[in-house]
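Subject: Structure handover

Hello,

Here is the structure I promised to pass on to you. Please open it alongside this message, and my notes on what turned up follow below.

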Amino acid sequence: MLVKVDAVSKKCVFEWFKRFRDGKEDVKDEPRSGQPPTSTTPDNIERVRRMLADDRRLSLRMIAEELKISLDSVSNIIHEHLQKRKKKVYAFPILRRSSNV
């Protein structure tokens with residue numbers, strides 16, 4: 001019988017061992033320098049919500065170009081903040097009767 005096990009990678013274990021050997025007592029990452037994310041602001045979330053309310057057929061690319069933010073930011077806003085998911089649409093062919101039948 002197969003059993004699902006949640007385990008960390010070997011690389012992660014070696015990294016933790018190195019940190020503990022060097023005297024650190026936690027496994028949290030050190031703070032990183034860099035620019036914090038600024039695209040997922042309440043203003044941008046509201047703008048995306050309004051754009052989708054006006055036209056549900058807008059693509060991620062169209063929204064990103066309009067708001068001048070990245071595709072990943074638009075995707076994050078739609079899926080994480082607005083809790084929207086893409087619905088699957090199934091198209092069925094129309095059966096037409098031939099006049100010769």
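Let me start with a loop: Lys68 sits between H3 and H4. (Helices here are DSSP runs of H or I with at least four residues, strands are runs of E with at least two, and both are numbered from the N terminus.) Lys68 is not a glycine, yet its phi is positive, at about 60°. With 72% relative accessibility, Lys68 counts as exposed, where exposed means over 50% relative accessible area, buried means under 20% and partly exposed lies in between, using a 1.4 Å probe and protein chains only.

Gln83 belongs to the segment after H4, and its relative accessibility of 57% puts it in the exposed class. As background, most residues other than glycine have a negative phi.

Before the rest, a word on how to read this. The model is predicted, so local features need pLDDT of at least 70 and side-chain atom pairs count only at pLDDT 80 or more, while totals for chains, interfaces and linings use all residues. Residues are numbered from 1 along each chain as its sequence is written, and side-chain values use heavy atoms, with hydrogens and water left out.

Overall fold

The chain has four helices and zero strands, giving the pattern α-α-α-α along the sequence. Of its 101 residues, 16% count as buried. Taking contacts (heavy atoms within 4.5 Å) between residues at least 6 apart in sequence, 36% join residues at least 24 apart.

How the helices pack

Axes are lines fitted to C-alpha atoms, for helices over the stretch in contact, and angles run from 0 to 180 degrees between N-to-C directions. Angles under 35 degrees count as roughly parallel, over 145 as roughly antiparallel, 65 to 115 as roughly perpendicular and the rest as oblique.

H2 (residues 42-54) and H4 (residues 71-81) pack at about 80°, with their axes 10 Å apart, and are therefore roughly perpendicular to each other. On the H2 side the contact uses Asn44, Ile45, Val48 and Leu52, and on the H4 side Ile77, Ile78 and His81. By class, the residues of this contact are five nonpolar, two polar and no charged; Ala, Val, Leu, Ile, Met, Phe, Trp, Tyr, Cys and Pro count as nonpolar, Asp, Glu, Lys and Arg as charged, and the others, Gly among them, as polar.

For H3 and H4, the axes come within 9 Å and cross at roughly 110°, which makes H3 roughly perpendicular to H4. Leu60, Arg61, Ile63 and Ala64 of H3 meet Leu71, Val74, Ser75 and Ile78 of H4. The residues of this contact divide into six nonpolar, one polar and one charged.

H2 and H3 have axes that come within 11 Å and cross at roughly 130°, so this pair is oblique. Here Asn44, Arg47, Val48, Met51 and Leu52 of H2 meet Ile63, Glu66 and Leu67 of H3. The classes in the contact of H2 with H3 are five nonpolar, one polar and two charged.

The nonpolar core

Which residues make up the largest nonpolar core? There are twelve: Ile45, Val48, Met51, Leu52, Ile63, Ala64, Leu67, Ile69, Val74, Ile77, Ile78 and Leu82. (Such a core is a set of buried Ala, Val, Leu, Ile, Met, Phe, Trp, Tyr and Cys residues joined through side-chain atoms within 4.5 Å.) H2, H3 (60-67) and H4 each supply at least two of its residues, and the largest share, four residues, comes from H2. Leaving aside neighbours within four places in sequence, Ile45 is in contact with Thr40, Ile77, His81 and Leu82.

Two more residues to look at

Arg19 is found in helix H1 (residues 10-21). Is Arg19 buried or exposed? At 16% relative accessibility, Arg19 counts as buried. Beyond its neighbours within four places in sequence, Arg19 is in contact with Lys24, Asp26, Val27, Lys28 and Asp29.

Met62, in helix H3, is partly exposed, with a relative accessible area of 45%. The C-alpha atoms of Met62 and Val74, twelve residues apart along the chain, are separated by 9.9 Å.

Best wishes
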